[in-house]
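Subject: Structure handover, salt bridges

Hello,

Here is the structure I promised to pass on.

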Amino acid sequence: MADDPTDAPKLDTSVPQTARIWNYLLGGKDNFEVDRAVGDQIIASLPHFAEHARLSRQYLARAVRFLAGEAGVTQFLDIGTGLPTADNTHEVAQDTNPYAKIVYVDNDPLVLAHARALLTSTPEGQTAYIDADLHDPARILEQAGQTLDFDKPVALMLMGILGHVEDDAEAKRIVDTLLAAFPSGSYFAMYDGSDIDPDVREAARIWNISANPKYHLRSPERFAALFDGLELVEPGVTSVTRWRPDPEGKDAAEISQYCAVGRKP
C-alpha cells in the first residue's frame, strides 16, 4: 500500500461524495445521510437508476473477465476505485488468473480506509492502493510502477470516473498520458453516463446541485473520441447491457450507461 494514511484528506460527512452515493445506489452501507438524500432524489427522478448502477457493475466484471482471460492481461490499474463492494476488480481478475496484480487509485478518505482493510489478494497475486487524483497521472504512474511492470501489458480501468472531467481534451490527455507508459497489447476499459436519456440528464442535474465532484454526461460520439488511436474490442462503444452480455442478460434493455474496451496497437 502506498502513502501514509495520516496524510489522507479528512472525512467530511456534511458534503455528499460520489463514491458514497454510488455505494448507496448499489445497496451498500458505507454512506451517510447526505449521500442517501442525493441518492433518493435521483431515484425519485429515475426509479431504475439503482438498477443502472448494478448493471454497470456487471459490465465491469465481464470486462475484467475478458481482459484477464481471453486478452491474457495480468496487470490492472483501476482508477476511481470507489468503495469496495461485490465483484471488485481484483476478485474477478484473480478468480480468472490468481497471479494477477491490481493497483487501485482513489482520493476519497472513506475509500482509502476501506481499501486498506478490504482489498486483499491471492497468495500468488498482488493488490495495492494509491491515494492520488485522476488529474495527476504522473504521480499515479510513479506510484503504480512500484507494483506493476510497465514492460508488460496493463489494463487501464476508468469506470464511472471520466464523467467527473468536464473537458474532453483534458479527459483525452489523462487517458493518453496513462496509456503512453504502457506497451503494445495494453487495454483501456471504461463506462460512464451518456446524455441520450432525458431522465438521466435530470438525474445528473440533481446530482450536481449537491454532490462533489460534479458529473458530466457525454454523447456516444464523445465516448468514441476517447478511444482514438486504439483498436476497439467488439461490440465497440455501446450500452453496458450490450457489451458481451452473459446468456442470462442478453435480452436486457439498453441503458444510458455507455462503455467500451480498446487495445493499444
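A salt bridge here is a side-chain nitrogen of Lys or Arg within 4 Å of a carboxyl oxygen of Asp or Glu. This is a predicted model: local features need pLDDT of at least 70, side-chain atom pairs count only at pLDDT 80 or more, and totals for chains, interfaces and linings use all residues. Residues are numbered from 1 along each chain as its sequence is written, and side-chain values use heavy atoms, with hydrogens and water left out.

The structure has nine salt bridges. One of them joins Arg 244 to Glu 70, with the closest N and O atoms 3.2 Å apart. The two residues are 174 apart in the chain. Arg 244 sits in the loop between β7 (238-239) and β8 (257-263), Glu 70 in the loop between α3 (49-68) and β1 (75-79). (Helices, H or I, of at least four residues and strands, E, of at least two are DSSP runs, numbered from the N terminus.)

Next, Lys 172 pairs with Asp 176, again as a salt bridge, with the closest N and O atoms 3.2 Å apart. Both lie in helix α7 (residues 168-180), four residues apart, about one turn. Lys 172 is buried at 17% relative accessibility; Asp 176 is partly exposed at 35%. (Buried means under 20% relative accessible area, exposed over 50%, partly exposed in between, with a 1.4 Å probe and protein chains only.)

Finally, Asp 168, Arg 218 and Arg 222 form a salt-bridge network.

Best wishes
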